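Here is a short tour of one protein chain for someone meeting it for the first time. Take a look at the sequence and the fold, then read on.

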Amino acid sequence: MGSGVQHALEQLKTTGVRITPQRHAILTYLMESMNHPTADEIYRALEPKFPSMSVATVYNNLKMFMEAGMVRELTYGDNSSRFDANVTDHYHIICQECGKIEDFSYPPLHEVERQAELTTGFIVNGLRMELYGICSCCAGKRH
């Protein structure tokens, strides 16, 4: 188990959250899978190990992780939220054919945020940048 998972669990304990085996498994799965899974995908992956776990259990735990600032929800127009345990500043690139989402790092866009505030009068609280394209796997299938 990665030290990131251990650190996250310690962080949860300090807020008085009980660490159930399901909670542990959901968080570990999220932190180890880099594919930004949906709640259903998490459920299907863990269900063989936790037959009594429901999709609602997964959702409730994800909500709790989000409130604790440990997980970020990525919502898209098709109502299938994906979940990301990487809450550091990073961006996403999304394949328009298979829907795969990958993280990539780039310096924070503070200048863009400042300009947006100056131009609109808004107070910027966050930013989500996504690039769209065709992943190498799908591009390879085209030839």
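Which residues in α3 meet which residues in α4? Ala 39, Asp 40, Ile 42 and Tyr 43 are the ones in α3, and their partners in α4 are Val 55, Val 58, Tyr 59 and Leu 62. Contact here means heavy atoms within 4.5 Å. For the classes, Ala, Val, Leu, Ile, Met, Phe, Trp, Tyr, Cys and Pro count as nonpolar, Asp, Glu, Lys and Arg as charged, and the others, Gly among them, as polar.

A word on what you're looking at: this is a predicted model, where local features need pLDDT of at least 70, side-chain atom pairs count only at pLDDT 80 or more, and totals for chains, interfaces and linings use all residues. Residues are numbered from 1 along each chain as its sequence is written, and side-chain values use heavy atoms, with hydrogens and water left out.

**The whole chain**

The chain has six helices and five strands. Those are DSSP runs numbered from the N terminus: H or I of at least four residues for helices, E of at least two for strands. Starting at the N terminus, the order is α-α-α-α-β-β-β-β-α-β-α. Along its principal axes, the C-alpha trace spans about 50 × 45 × 30 Å.

Two packed helices are described by the angle between their axes and the distance between the axes. In this model, axes are lines fitted to C-alpha atoms, for helices over the stretch in contact, and angles run from 0 to 180 degrees between N-to-C directions. Here are the pairs formed by α2 (residues 21–32) and α3 (residues 39–46), together with α4 (residues 55–67).

| Pair | Angle | Axis distance |
|---|---|---|
| α2 and α3 | about 115 degrees | 11 Å apart |
| α3 and α4 | roughly 120 degrees | within 9 Å |
| α2 and α4 | about 70 degrees | 10 Å apart |

Angles under 35 degrees count as roughly parallel, over 145 as roughly antiparallel, 65 to 115 as roughly perpendicular and the rest as oblique. α3 and α4 are therefore oblique to each other.

On to α2 and α3: Ala 25, Ile 26, Tyr 29 and Leu 30 in α2 meet Glu 41, Ile 42, Ala 45 and Leu 46 in α3. That contact has seven nonpolar, no polar and one charged residues.

As for α2 and α4, Arg 23, Ile 26, Leu 27 and Leu 30 come from α2, while α4 brings Thr 57, Val 58, Asn 61, Leu 62, Met 64 and Phe 65. The classes here are seven nonpolar, two polar and one charged.

**A closer look at Arg 23**

Arg 23 sits in helix α2. Leaving aside residues up to four places away in sequence, Arg 23 touches Val 17, Arg 18, Asn 61, Met 64 and Phe 65.

**The largest pocket**

The largest pocket has a volume of about 210 Å³. A pocket, on a 1 Å grid over the protein atoms alone, is an open set of points where a 1.4 Å probe fits, with protein on both sides within 12 Å along at least five of seven lines; lining residues have an atom within 4 Å of a point. Grid points are joined across faces, edges and corners, and the volume is the space filled by probe spheres set on the points. There are 15 lining residues, and Arg 72, Asp 89, His 90, Tyr 91 and Leu 127 are the closest to the pocket's centre. By class, the lining has six nonpolar, five polar and four charged residues.
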